[in-house]
Amino acid sequence: MLLNKPGKKIILLGNEAIVRGALEAGVQFVSTYPGTPASDIGDTFFRIGKSAGVYFEYSTNEKVALEAGVGASFSGLKTLVAMKDFGLNVCLDALGPFVYTGSKGPTVIIVADDPSCHSSAQWEEGTRAISYLTHIPTLEPADPQECKEFTKLAFQISERFKIPVMIRTTTRVAHQRAPVRISNIEYRISNKGRFVKDPRRFVTLPPRVMEMKKELLEKIEKIQTFSEHSKINQINRFPKSISGTGIITSGIGYLYVKEALKDLNLNLPVLKLGFFYPLPEKKIKDFISRAPRQRGEARDESKALSDQKLKKVLIVEELEPYLEKEVERLAKEANCKLKITGKELISEVGELKPEIITLAIAKFANCKLKIENSLKIRNWKLKIPKRFPQLCPGCPYWFVFSAIKKAVDPEKVVFGGDIGCYMLFGLPPLKIQDFLSCMGSSLGIAHGVKKATDQKLITFIGDGTFFHAGIPALINTIYNKSNPLIIILDNGTTAMTGHQPHPGAPATPNGIRIENVVKGCGVKNLRVIDPINQKEFVAAVKEFLNKKEVSVIIARRPCVQIKR
Amino acid sequence: MLLVGTGGQGQITLLQILSEAALIEEKEIKTSELHGLSQRGGSVEVHIRFGKEIYSPLISQGKADLVLGLEMQEALRAYPLASPKTTFLVNRQIVPIPLVKNLTEEEVLKNLKKISKNVILVPASEICKKELGKEVVAGIYLISLAAFKKLIPIKPASILKAVKKIIPSRYLKLNIDSFNLAAKLS
Ligand SMILES: Cc1ncc(C[n+]2csc(CCOP(=O)(O)OP(=O)(O)O)c2C)c(N)n1
């Protein structure tokens, strides 16, 4: 990762390429909260940060991570903040004002979506909506080389326009490996910044805040002009083609389009958008209103009559149809007869796959697709038993599960689940999970259920998740008086995302003991038990289920995967 | 090439070795893998594409030239990506799925043969256990075998070089032994 041989190719994962890009840009301050498919960014900085002279921290949650980044940027440091899609929701409250104040030290925010929810239990999020909501300039790379180049470009844009810039990847970009051509790493002599007072710039208080919004929109206009001329929005030259047919795409979709055109032996004009926000509107209008022509042929303005304009365009984009809607809007001005196809052929649900795009393009361009023998096999319904993810052999959670089974009749108790390895409680053979939502929510929802019913309720939360978002919800159960039994699964690590440390981890020298936090909030029914002591655990569960106030059991036993 | 197995069989290390070997030969390569939840003992499928002009990191349905299975049921699960032209190189091993009726070796083999004539079943785990005392290197054994049998466009020597680069020194000897075993038995 730290190899300094400009021009050499090395194999990098998309996420590693982002790290490399940040190092080449001279990043000084990095904060993150782990989450697949973004975790490798933080984990790589955790490994190499010191030797690269970069400040790195795993923050307690994404909101704090972004706020730390804002502080570093206000103090003039080149800053990178990374998280998974859901993390952007957690820090949204801090993101909005940051786009208004703008960055001082250039700042790049990486956010990774997970279409098809390969590693995301919660919902299939497309964070591009947040680009519109907050007006944050957003770039979408397709492969590792672009991950590196776009990261560097994002720092440049941020430096020039004094605004944070977001890079949005997806699982198939972040976890794509390929050779990447590297450049020089720019080492900084110091990571010390200086906070220079400038309240006009850093304080978002009305009435100034309304001026700031105006200034922001003016900035976005300038960035749009930049986007119009940026090479990352590329039009493949118009070939001799199936007349009047074109494709607009971005991110991973572009790679599947190229693959499909090769497979189908088609030569269609393609507009690939590297900018998602702000979109290069002129370039798009130009693309959809241009007549197909041969390479090298001079453009004859008089020929650009409506009958020679692009007749139909296919929008290849993953998840929600933002590009499609934008193109519809732009076509009203540029080419009102244009037929726009997108979600009609490409589902809004689930990730794109190469065969889906090949089929869509074949249909769209009316060309025959060779149906291979394999199709018959594909339709052949085979019964292969499903292999669900499992708790590891020896996982401390098995002991917790077994104690619960001994202590209560699962039919008579409502079980709350939260985010971490223990969400596998919801899968066979365990199946004790009656609701599951977002990080920390098990406590918040448990409180609501307890207030609304007289049912018995046990809710689980991991140690990492407790620090991330559980504490305010615990305080709420006390303040608003409800009595769930909360079991905090303290395995000493953030296991699910790759064993990152957290504030309560025993290896952390200034570690915060969970029982001190719980006690400090005033919880009286509190016990810390190693779940291997089944008798003690079972007795505590039985006793606490009858309490009038909230109770907490801290099930403390380290994750079997941590080497000590 | 599709590399399939169950979580924890070392797919990502194998992927790193193959990518590095391709880089040594200055060949284009692209791969796709999954992390997080899917690695916890579930089915794991990683895609590797070698060749000229590769764009997609994922293999299209029916387009896998080689399915390398570290486990038999997982090899069969890959059938949507296979065709009669696909070669299956499969470890003769069933990692049982708890609490359900698993397919037997014979059932898997019978079905694989319905897809393609090119099914190579190798008792890799058994051989590695017997000869080297460790099953974990069955993956290295199989990718080496794939290189020796020319099922992938990578020279065995490049695999060996990549192993030396990727594998930490305390496990290196075991991995090299596994490569050599594949050389001997191929
Ligand atoms: C807002 C948000 N950020 C990050 C994640 C990714 N994530 C999934 S599980 C998990 C770890 C939970 O750790 P812990 O509660 O300690 O449970 P363990 O996996 O150790 O059992 C994280 C951070 C997420 N799902 N949502």
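1. Two strands are taken to pair if DSSP finds at least two bridges between them. On that basis, in this predicted model, strand E10 (residues 245-250) of chain A pairs with strand E13 (residues 312-316) of chain A in the parallel sense, over 5 bridges. Within E13(A), Val316(A) is the bridge partner of Thr249(A).

2. E10(A) also pairs in the parallel sense with strand E11 (residues 270-273) of chain A, here over 4 bridges. The bridge partner of Ile248(A) in E11(A) is Leu271(A).

3. E10(A) is mostly covered, with 6 of its 6 residues buried. In a regular strand, side chains alternate between the two faces of the sheet. Thr245(A), Ile247(A) and Thr249(A) point one way from E10(A), while Gly246(A), Ile248(A) and Ser250(A) point the other way, and all are buried.

4. The note now turns to the interface. The size of an interface is often given as the accessible area lost when the parts come together. Chain A and chain B bury about 4600 Å² between them, and 60% of that area lies on carbon and sulfur atoms. The contact takes 48 residues from chain A and 57 residues from chain B.

5. Between chain A and chain B, 18 residue pairs are in polar contact, counting pairs with both residues at pLDDT 80 or more. On the side of chain A that touches chain B, the elements giving two or more residues are strand E1 (9-13), helix H8 (171-174), strand E8 (176-181), helix H11 (252-264), helix H14 (354-364) and helix H15 (374-378) of chain A. H11(A) gives the most to this side, with 7 residues. By class, the side of chain A that touches chain B has 23 nonpolar, 10 polar and 15 charged residues.

6. Strand pairing also crosses between the chains. E8(A) is joined by 2 bridges to strand E2 (residues 29-32) of chain B, and the two run antiparallel. Ser32(B) in E2(B) is the bridge partner of Gln176(A).

7. Side chains of opposite charge can pair when their charged atoms come close. Across the interface of chain A and chain B there are 6 salt bridges. Glu74(B) forms a salt bridge with Arg387(A), with the closest N and O atoms 2.5 Å apart.

8. Arg177(A) forms a salt bridge with Glu33(B), with the closest N and O atoms 2.8 Å apart. This pair crosses between chains, from Arg177(A) in strand E8 of chain A to Glu33(B) in the loop between E2 and strand E3 (43-50) of chain B. Arg177(A) counts as buried because its relative accessibility is 5%, under the 20% cut-off. Glu33(B) is also buried, at a relative accessible area of 0%.

9. Over all chains, the structure holds 40 salt bridges. Within chain B, Lys165(B) forms a salt bridge with Glu20(B), with the closest N and O atoms 3.0 Å apart. The pair links distant parts of the chain, Lys165(B) in helix H6 (residues 156-166) of chain B and Glu20(B) in helix H1 (residues 11-24) of chain B, 145 residues apart. Lys165(B) is exposed, with a relative accessible area of 60%, whereas Glu20(B) counts as buried at 10% relative accessibility.

10. Glu105(B) forms a salt bridge with Arg92(B), the closest N and O atoms lying 3.6 Å apart. Glu105(B) is partly exposed, with a relative accessible area of 30%, and Arg92(B) counts as partly exposed at 34% relative accessibility. In chain A, a network of salt bridges links Arg20(A), Glu24(A), Lys148(A), Glu149(A) and Lys152(A).

Methods. Residues are numbered from 1 along each chain as its sequence is written. Chains are lettered from A and ligands numbered from 1 in the order in which they are written. This is a predicted model: local features need pLDDT of at least 70, side-chain atom pairs count only at pLDDT 80 or more; totals for chains, interfaces and linings use all residues. Side-chain values use heavy atoms; hydrogens and water are left out. Contact means heavy atoms within 4.5 Å. Buried area is the accessible area (1.4 Å probe) that two parts lose on being put together, summed over both. A salt bridge is a side-chain nitrogen of Lys or Arg within 4 Å of a carboxyl oxygen of Asp or Glu. A polar contact is a pair of N or O atoms within 3.5 Å; within protein, one must be able to donate a hydrogen and the other to accept it, and residues adjacent in sequence count only if both atoms are side-chain atoms. Ala, Val, Leu, Ile, Met, Phe, Trp, Tyr, Cys and Pro count as nonpolar, Asp, Glu, Lys and Arg as charged, and the others, Gly among them, as polar. Buried means under 20% relative accessible area, exposed over 50%, partly exposed in between (1.4 Å probe, protein chains only).
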